[in-house]
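Please read them with the coordinates open.

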Amino acid sequence: GAEQHCVAAVAGQAADGQLLLGEETCYGTFAEVMTDLSAGTVKLDLDTPAAAVFDDELIGTLAASFTLGIHYNGYGGGGSSIAITGTSCSGGYWNAYGYWSNRISSSFNGCYHLRHYDGYSKTGGSYNTYGGGQIDNIYGWMNNRTNSVAYYSS
């Protein structure tokens, strides 16, 4: 089907650290997501691919200031995406239910360290990506196996 690009904001956190998200807002292009995330300060051509957005260091830095992580169903920031927004990289985690369960092939690190887990609620094997403001591919056995992601500052 057609690509879909969504934004979900953290509305709270459960006692076990699970991030409680508000309702997703979805768009037909990643450029529209960037406009939403930046409250209108970033306006891109609608055909700008997600990976190209982060070639601009200023936009990458801006995105990292309000985004815990952006997860893609393709390598290198390709395909559909979901942006998880919030203000804390203190180990809270998102369960990737529905469409996103076992679909993530790359992620943009808004937080410095993302840990992708094979199971829900930070269980099972894991795969780490490091370095805020960049897109990392998830290689090997964890590609398309993520069911939860934790967001850390270090």
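1. Secondary structure. This is a predicted model. Its protein chain has three helices and 11 strands. Along the sequence, the elements run β-β-β-α-α-α-β-β-β-β-β-β-β-β.

2. Overall dimensions. The C-alpha trace spans about 40 × 30 × 25 Å along its principal axes. Does the radius of gyration agree or disagree with that of a compact globule? It agrees: for 154 residues such a globule would come to a value near 15 Å, and the protein chain has 14 Å.

3. Burial and contacts. Of the 154 residues, 46% count as buried. Take the contacts between residues at least 6 apart in sequence: 61% of them join residues at least 24 apart.

4. Disulfides in outline. How many disulfides does the structure hold? There are two. A disulfide is a covalent bond between the sulfur atoms of two cysteines. With bonded cysteines counted along the chain, the pattern is 1-2, 3-4.

5. Cys 6 to Cys 26. These two residues are joined by a disulfide with an S to S distance of 2.0 Å. The angle about the S-S bond is 105 degrees, and the link is right-handed. Cys 6 sits in strand S1 (residues 5-13) and Cys 26 in strand S3 (residues 25-27), so the bond ties together parts 20 residues apart in sequence. The two ends can be checked for burial in turn. Cys 6 has a relative accessible area of 4%; the cut-off for buried is under 20%, so Cys 6 is buried. Cys 26, at 32%, is partly exposed.

6. Cys 89 to Cys 111. The sulfur atoms of this disulfide are 2.0 Å apart. Its torsion about the S-S bond is about -80 degrees, so the link is left-handed. Cys 89 is in the loop between strand S5 (81-85) and strand S6 (90-95). Cys 111 is in the loop between strand S7 (106-109) and strand S8 (113-119). The pair therefore ties together parts that are 22 residues apart in sequence. Is Cys 111 buried or partly exposed? Cys 111 counts as buried because its relative accessibility is 1%. Cys 89 is partly exposed, with a relative accessible area of 23%.

7. Positive phi at Ser 121. Here phi is near 55 degrees, a positive value in a residue other than glycine. Where does Ser 121 lie? Ser 121 is in the loop between S8 and strand S9 (123-130). At 33% relative accessibility, Ser 121 counts as partly exposed.

8. Positive phi at Asn 144. Asn 144 is not a glycine, yet its phi is positive, at about 60 degrees. The residue belongs to the loop between strand S10 (134-137) and strand S11 (148-152). Its relative accessibility is 32%, so Asn 144 counts as partly exposed.

9. Val 42. This residue lies in the loop between helix H1 (30-37) and helix H2 (50-53). Is Val 42 buried or exposed? Val 42 is buried: its relative accessible area is 7%, and buried means under 20%. From Val 42 to Tyr 139 the C-alpha to C-alpha distance is 31 Å. Along the sequence these two are 97 residues apart.

10. Ile 135. Strand S10 contains Ile 135. With a relative accessible area of 23%, Ile 135 is partly exposed, since that class runs between 20% and 50%. The C-alpha atoms of Ile 135 and Gln 4 are separated by 18 Å. Along the chain, Ile 135 and Gln 4 are 131 residues apart.

Methods: Residues numbered from 1 in each chain as written. Predicted model: local features only at pLDDT ≥ 70, side-chain atom pairs only at ≥ 80, totals over all residues. Heavy atoms only, no water. Helix = DSSP H or I, 4+ residues; strand = E, 2+ residues; numbered from the N terminus. Buried < 20%, exposed > 50% of the residue type's maximum accessible area, 1.4 Å probe, protein only. Rg over C-alpha atoms; globule rule 2.2 N^0.38 Å. Contact = heavy atoms within 4.5 Å. Disulfide = S-S within 2.5 Å.
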